[in-house]
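Here is a short report on a protein chain.

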Amino acid sequence: MTLSEIADGLEVTASQRERGVAVADDTETALVDRLAAHADDLPCTPAATATLVDAYTAGRSVGDAAREAGVTPMTGAKALHRCGVEGVCPLAPSRRSVVRDWLDGRIARSEAVALAGGDEADFALATYVETHDPVPAVADAVDAHVAGAAPLGDGLRGDGDAPGGALGSPDGLR
């Protein structure tokens, strides 16, 4: 059997979405300026959000990034979530379903907190994550900013070197 015999009778029933040409955002607009248009959607100021993003993507913890931005760790985690940063929710996806059950009124809050396995702060943050989606325009601006940022590990110690030379030199791999 030939390929033409196999393909005989096949037809396309759906169209492919036109994606266009990929464009890199290489404008020199600062992240804080890009975030200013979406200030009402963020839990803290655009300046604090930009500081959070820079510190968090440089490898600092949410708490350290929040301290640098001058906000509470909870506010910092909320802002990072709204920016589309993954991994700031303290509960695993299966435990987040318990939060959704509580939000839908299927179980009591005290039962949901106990089943989720975290403390009150973890439950509150998971509730925020479940009730507030990332802002697409903000997430796009952050993605473009991070894509043009320094490599991971830069700035962790303030001297531009990775911690303890952890990233090493490519020459040592030969």
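Glu120 is partly exposed, with a relative accessible area of 46%. Partly exposed falls between buried (under 20%) and exposed (over 50%), using a 1.4 Å probe and protein chains only. Arg109 is also partly exposed, at 34%. The side chains of Glu120 and Arg109 meet in a salt bridge, 3.0 Å from N to O. A salt bridge needs a side-chain nitrogen of Lys or Arg within 4 Å of a carboxyl oxygen of Asp or Glu. This pair links distant parts of the chain: Glu120 lies in helix H8 and Arg109 in helix H7, eleven residues apart. Helices are DSSP runs (H or I) of at least four residues, numbered from the N terminus.

## How to read the model

This is a predicted model; local features need pLDDT of at least 70, side-chain atom pairs count only at pLDDT 80 or more, and totals for chains, interfaces and linings use all residues. Residues are numbered from 1 along each chain as its sequence is written, and side-chain values use heavy atoms, leaving out hydrogens and water.

## Other salt bridges

The count comes to seven salt bridges. One of them joins Asp64 and Arg67, at 2.4 Å from N to O. The two are three residues apart in helix H4, so about one helical turn separates them.

## The nonpolar core

The largest nonpolar core has 36 residues. Such a core is a set of buried Ala, Val, Leu, Ile, Met, Phe, Trp, Tyr and Cys residues joined through side-chain atoms within 4.5 Å. Leu31, Leu52, Val71, Leu80 and Val138 have the most contacts inside the core. Helix H3 gives the most to this core, with five residues.
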